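Subject: Structure for your set-up, with notes

Hello,

My notes on what was found in it follow below.

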Amino acid sequence: QVQLVESGGGLVQAGGSLRLSCAASGRSFSSYAMGWFRQAPGKERELVAYISWGGSIHYADSAKGRFTISRDNAKNTMYLQMNSLKPEDTAVYYCAAGSRPSVLYRSYGYWGQGTQVTVSS
């Protein structure tokens, strides 16, 4: 099992930046595929980006060129650097761990509690 805790959310103006962190505890963090998802009010949870145990990365179209996902297996931590933020990025951001990388949230068995990101116009 793995426990996940997100941090780094907050209120930022459009065009600003935030860095989210996801700290993992438990066993074998490096063997998990990790993902960042987000959910805005009234919308389904959607993938932002994932990173495999080997470092392969996939971004949603909305994140390409603005967001960067990374992981530090020595620190059991995953990151999401978000630049050029837009009001439509406002959502609760969740980190997730699973046995394989996927764009589908149902493929991930472990979730953090989420961190709110609000981008003002």
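**The four-stranded sheet**

Four strands form an open sheet in the order E1-E3-E8-E7, and their pairing is antiparallel. Its edge strands are E1 (2-7) and E7 (67-72), each of which pairs on one side only. On average, neighbouring strands of this sheet are turned by 15° against each other, direction ignored. Those axes are lines fitted to C-alpha atoms, and the angles run from 0 to 180 degrees between N-to-C directions.

The model is predicted: local features need pLDDT of at least 70, side-chain atom pairs count only at pLDDT 80 or more, and totals for chains, interfaces and linings use all residues. Residues are numbered from 1 along each chain as its sequence is written, and side-chain values use heavy atoms, with hydrogens and water left out.

Strands here are DSSP runs of E with at least two residues, numbered from the N terminus. Two of them pair if DSSP finds at least two bridges between them.

Strand E3 (residues 18-26) is joined to strand E8 (residues 77-82) by six bridges, and the two run antiparallel. In this pairing, Cys22 stands opposite Met78 in E8. E1 also pairs with E3 in the antiparallel sense, over six bridges, and there Ser7 stands opposite Ser21 in E3.

In a regular strand the side chains alternate between the two faces of the sheet. The covered face of E1 holds Val2, Leu4 and Glu6, while Gln3, Val5 and Ser7 are on the uncovered one.

**Nonpolar cores**

A nonpolar core is a set of buried Ala, Val, Leu, Ile, Met, Phe, Trp, Tyr and Cys residues joined through side-chain atoms within 4.5 Å. Buried means under 20% relative accessible area, exposed means over 50%, and partly exposed is in between (1.4 Å probe, protein chains only).

The largest nonpolar core has 29 residues, of which Met34, Trp36, Leu80, Met82 and Tyr93 touch the most other members. Two or more residues come from each of E1, E3, strand E4 (33-39), strand E5 (46-51), E7, E8, strand E9 (91-98) and strand E11 (115-120). Another core, of five residues, lies apart from it and includes Phe37, Tyr50, Ala96 and Tyr108.

For contacts (heavy atoms within 4.5 Å), residues up to four places away in sequence are not counted in the lists for Tyr93 and Tyr50. Tyr93 touches residues including Glu6, Leu20, Arg38, Leu80, Met82 and Val117.

Tyr50 is in strand E5 and counts as buried because its relative accessibility is 17%. Among the residues that Tyr50 touches are Met34, Ile57, Ile69, Pro101, Val103 and Tyr108. As a distance check, the C-alpha atoms of Tyr50 and Lys86 are separated by 20 Å, with the two residues 36 apart along the chain.

**Rings**

Rings of Phe, Tyr and Trp (its six-membered ring) pair if their centres lie within 6.5 Å; planes under 30 degrees apart count as stacked, over 60 as edge-to-face and the rest as tilted. The count by this rule is five aromatic pairs. One of these is the edge-to-face pair of Tyr108 and Trp111, at 6.4 Å centre to centre with 70° between the planes. Tyr108 is buried because its relative accessibility is 4%, whereas Trp111, at 26%, counts as partly exposed. Ring pairs link Phe37, Tyr94, Tyr108 and Trp111 into a cluster.

A charge sits over a ring if NZ of Lys or CZ of Arg is within 6 Å of the ring centre and within 35 degrees of the ring normal. Arg19 lies over the face of Tyr79, at 4.0 Å from the ring centre. Arg71 lies over the face of Phe29, at 4.7 Å from the ring centre.

**Loops**

Most residues other than glycine have a negative phi. Asn76, in the loop between E7 and E8, has a positive phi near 55° and is partly exposed at 24% relative accessibility. Ser84, in the loop between E8 and E9, has a positive phi near 50°; its relative accessible area is 39%, so Ser84 counts as partly exposed.

Ser52 is in the loop between E5 and strand E6 (57-59), and at 6% relative accessibility Ser52 counts as buried. Leaving out residues up to four places away in sequence, Ser52 touches Tyr32, Ala33, Arg71 and Pro101.

Regards
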